[in-house]
Every structure is written in C-alpha cells, then in structure tokens.
Amino acid sequence: MRASDIVIVLSALATSGLACASAPKPEATEVPAGPTPRGEAACRHDLGRCGGHTPGDGKCGGAAADSSSPLKNGIEEVVLEPGKFAEINLEMAEGTSTEVTFTATGGPLEWNVHSHEGDTVVIHSQGTGSDGKVRFVAPRAGLYSYLWTNASAAPIRLTADLKANGQVRVHSIEPGQ
C-alpha cells in the first residue's frame, strides 16, 4: 500500500466518524465535600500548631482574653485526690503574659508551667506550695500549661485565678469544669 492510499483511507475514515476517535470523555462530576470543621475540630493542636492562625486570637472557638482581664475559665474549685492533677492549657502569642494566683487547702501542691516540643516537655517554671502567684511570659507563640499535682496522701482543694495581658486563649482546663 502506498502512502497516498493510506492518506485517502484515513481521510475517508475521518469524515465518516470512524477514524481514530477516542471515546468521549465523561462529564466531570463534582463530589461535595463534607462539612468544614469549625472551632476546636478545625485546629491541629495535637501537632503543636493551630490551623495556621495566631495562637490566642480566639479563632478556634475558645475564650479569648483582653488585656489584664480575669478569664472566666479559671479553676474555681477542684479537689485533687492523691496522685491527680489539674491543668490550665493556654494558647499564647509571643510576648504575652499570664499570672495565676492559686490557693491549695489541705497541703502543698507541686506546680509547673510547661510546653511541649514534640514528645519533649519543656519546664519553664516550677515549685511547690500551698499558695502563690506565678507569672509567665511566652517566649514564642504556642500552647503553654499551668499544672498542679497532688503528691500527698490526702485530697487537696485547689482554686486558681488567671489574668492575662495580650492575646491569650484558654484552650482547655483539666479536670473539666
């Protein structure tokens, strides 16, 4: 078969609709996405970051604090059984500060202010006492925690008043209140 014969055959096939036609592409079907998570569900606190927003800006559903105001989410009163703990977890912008005034009735509690860098716990401040005022300034934006642990053999009643300066948001309180 000559090249000119091949061109004639292909031309005839093309005009008849039988030549080298590929199957028509199916129309695209859009699959709706599920509901967009909001609040805490949208944030990735478990990875040490929070959905790309600035910690403390109140965008992931928690209570944001304005300058020097007592937060409504402080620990009003909780009884810590031996070996148990209480914790206030805060999202703080770099350079913001918090101050906790606490009272432990029934004995001293071990306390610390800490953060997590992956699997490592970084202690920023610690002590033991039945009362005190603990001030902390965030060295960088992130999640920071005030923790009290009952290392005694008897129950201890804890109250804590939290004040904040700058962009601070209560992430969670344990035990829940």
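**A walk through the model**

A: Threonine 96 is buried, with a relative accessible area of 7%. Buried means under 20% relative accessible area, exposed means over 50%, and partly exposed lies in between, for a 1.4 Å probe and protein chains only.

Q: What kind of model is this, and how are residues numbered?
A: This is a predicted model, in which local features need pLDDT of at least 70 and side-chain atom pairs count only at pLDDT 80 or more, while totals for chains, interfaces and linings use all residues. Residues are numbered from 1 along each chain as its sequence is written, and side-chain values use heavy atoms, with hydrogens and water left out.

Q: Where does threonine 96 lie?
A: Threonine 96 lies in the loop between strand S4 (85-92) and strand S5 (97-105). Strands (E, at least two residues) and helices (H or I, at least four) are DSSP runs, numbered from the N terminus.

Q: Which residues is threonine 96 in contact with, leaving aside neighbours within four places in sequence?
A: Threonine 96 is then in contact with Phe136, Val137, Ala138, Asn165, Gly166, Gln167 and Val168. Contact means heavy atoms within 4.5 Å.

Q: And what does the side chain of threonine 96 reach?
A: The backbone oxygen of alanine 93, at 2.7 Å.

Q: Next topic: is threonine 159 buried or partly exposed?
A: Threonine 159 is partly exposed, because its relative accessible area is 27%. Threonine 159 belongs to strand S10 (residues 156-165).

Q: How far apart are threonine 159 and isoleucine 75?
A: In sequence they are 84 residues apart, and in space 5.4 Å, C-alpha to C-alpha. Ile75 is also among the contacts of threonine 159, including Glu77 and Phe102.

Q: How many salt bridges does a search of the whole structure find?
A: The search finds three. A salt bridge is a side-chain nitrogen of Lys or Arg within 4 Å of a carboxyl oxygen of Asp or Glu.

Q: Which side chain meets glutamate 77 in a salt bridge?
A: That of arginine 157, at 2.8 Å from N to O. This pair links distant parts of the chain, with glutamate 77 in strand S3 (residues 75-80) and arginine 157 in strand S10, 80 residues apart. Glutamate 77 counts as partly exposed because its relative accessibility is 47%.

Q: What about arginine 169?
A: Arginine 169 forms a salt bridge with glutamate 91, and the closest N and O atoms are 2.7 Å apart. Arginine 169 is in strand S11 and glutamate 91 in strand S4, so the pair links distant parts of the chain, 78 residues apart. Arginine 169 and glutamate 91 are both buried.

Q: And which residue does glutamate 117 meet?
A: The side chains of glutamate 117 and arginine 140 meet in a salt bridge of 2.5 Å, N to O. Glutamate 117 is partly exposed, at 43% relative accessible area, and arginine 140 is partly exposed as well, at 36%.

Q: Changing topic, how many aromatic pairs are found?
A: A search of the whole structure finds three aromatic pairs. The rings of phenylalanine 136 and tyrosine 144 have centres 5.0 Å apart and planes at 50°, so this pair is tilted. Rings of Phe, Tyr and Trp (its six-membered ring) pair if their centres lie within 6.5 Å; planes under 30 degrees apart count as stacked, over 60 as edge-to-face, and the rest as tilted.

Q: Are phenylalanine 136 and tyrosine 144 buried or exposed?
A: Both are buried.

Q: Last one: what joins glutamate 174 and proline 175?
A: A cis peptide bond joins them, with omega about -10°. Proline 175 is placed in the segment after strand S11 (168-174).

Definitions and conventions
A polar contact is a pair of N or O atoms within 3.5 Å; within protein, one must be able to donate a hydrogen and the other to accept it, and residues adjacent in sequence count only if both atoms are side-chain atoms.
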